[in-house]
Amino acid sequence: MSTKADAAILEALGLNSKDTKITSHGGSGFASTFKLSSAVDGKEKNYFVKTGTGSDSEIMFKGEHASLNAIHSVVPSLCPKSHANGACEQTPNKFFLVTDFLDLGSSSHPDDAGDSFAKKLAKLHTTPAPIPAGFDEPVFGFPVTTCCGSSPQDNSWKSSWADFFADNRLRTILRQGIKSNGSDPEMSKSVEKTASVVVPRLIGDDHVKGVFPVVVHGDLWSGNHGRGRIAGQGGVEEVVFDPSAVYGHSEYELGIMRMFGGFGTSFWKEYQSLVPKAEPTEEWEDRVALYELYHHLNNWALFGGGYRSSAMTIMKRLNTKYG
């Protein structure tokens, strides 16, 4: 069913309402989703639109807008470009995000080209992140708040990656988990020991070699990866979507990728040939487990249930080994 696009969306894209239609498309746990079609220079052009109500949606869309464009600026064929986000004009307290349309239903064609997913991700993970305004050297964080699922993430800048992960990820998500699930002294004690002892031991600034900030997707489970055509251009490509980006250590990305699986042996073999494990390589598995822990804690904060026990299992092992 076609409806009218909000005036703020049309203005942001420079479109005429007479030539534009918007229809429900796909689905999201956190937003309403649409396909917007219009005539641009005599040709049909499609966009993907998300809308949602309340300040949570405003924060989420602002973070996704910046995240998509941070990835797109490094590897343009890896994700859609985001064109605009902001407040709707015709409905109070409603917000929108507009990106290039990503057609995940496209069938492959013999002429399809494009780099492998491993090669694209390796380029993202080896390109130094921009130095933010006001700084003279690279720092860890992101210009805006991002959301992993619906959890807002504190991305305030830090010069130390270990400090960022301990404070902006582990301790922050613990507070959100307690807010959602109630006081949990055992969980609090385990997270604090992990943040104060295991983090500096495993990913301390003077311990892991070659750590520098790169753009990472931040929520790269297999459900946020696929094959499709971006903006109706070119062939079917390896693509990602729904990011919650941060300028972080590349290995941070790997925690959620391993948590849910879905990335095969051939991917890992090619990726690690392009982005070798950081030294000390014998601790790589434990570093990835540490990064995976954050996503167990985030899912505990969001959904409760079995994610508490999986988080505790990881922490008990790491705290016993390194604490």
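In this structure, Arg 169 lies over the face of Tyr 294, at 5.8 Å from the ring centre, where a charge counts as over a ring if NZ of Lys or CZ of Arg is within 6 Å of the ring centre and within 35 degrees of the ring normal. This is a predicted model, in which local features need pLDDT of at least 70 and side-chain atom pairs count only at pLDDT 80 or more, while totals for chains, interfaces and linings use all residues. Residues are numbered from 1 along each chain as its sequence is written, and side-chain values use heavy atoms, with hydrogens and water left out.

**Aromatic rings**

- A search of the whole structure finds 19 aromatic pairs, a pair being two rings of Phe, Tyr or Trp (its six-membered ring) with centres within 6.5 Å, called stacked if the planes are under 30 degrees apart, edge-to-face if over 60, and tilted otherwise.
- The rings of Trp 161 and Tyr 252 have centres 5.7 Å apart and planes at 70 degrees, so this pair is edge-to-face.
- The pair links distant parts of the chain, since Trp 161 belongs to helix 4 (residues 161–181) and Tyr 252 to helix 6 (residues 252–260), 91 residues apart; helices here are DSSP runs of H or I with at least four residues, strands are runs of E with at least two, and both are numbered from the N terminus.
- Trp 161 is buried, with a relative accessible area of 1%, and Tyr 252 is buried as well, at 2%, where buried means under 20%, exposed over 50% and partly exposed in between, using a 1.4 Å probe and protein chains only.
- Trp 161 and Tyr 252 also belong to one aromatic cluster, together with Phe 140, Phe 164, Phe 165, Tyr 291 and Tyr 294.

**Helix 8**

- The 20 residues of helix 8 (residues 284–303) should span 28 Å at 1.5 Å a residue, and the end C-alpha atoms are 28 Å apart, which agrees; the expected span is 1.5 Å times one less than the number of residues.
- Helix 8 is mostly covered, with 17 of its 20 residues buried, and is followed by Gly 304, whose phi is positive, near 65 degrees.
- Lys 277 lies over the face of Trp 284, at 4.5 Å from the ring centre.

**Strand 12**

- Glu 237, which lies in strand 12 (residues 233–240), is buried, with a relative accessible area of 18%.
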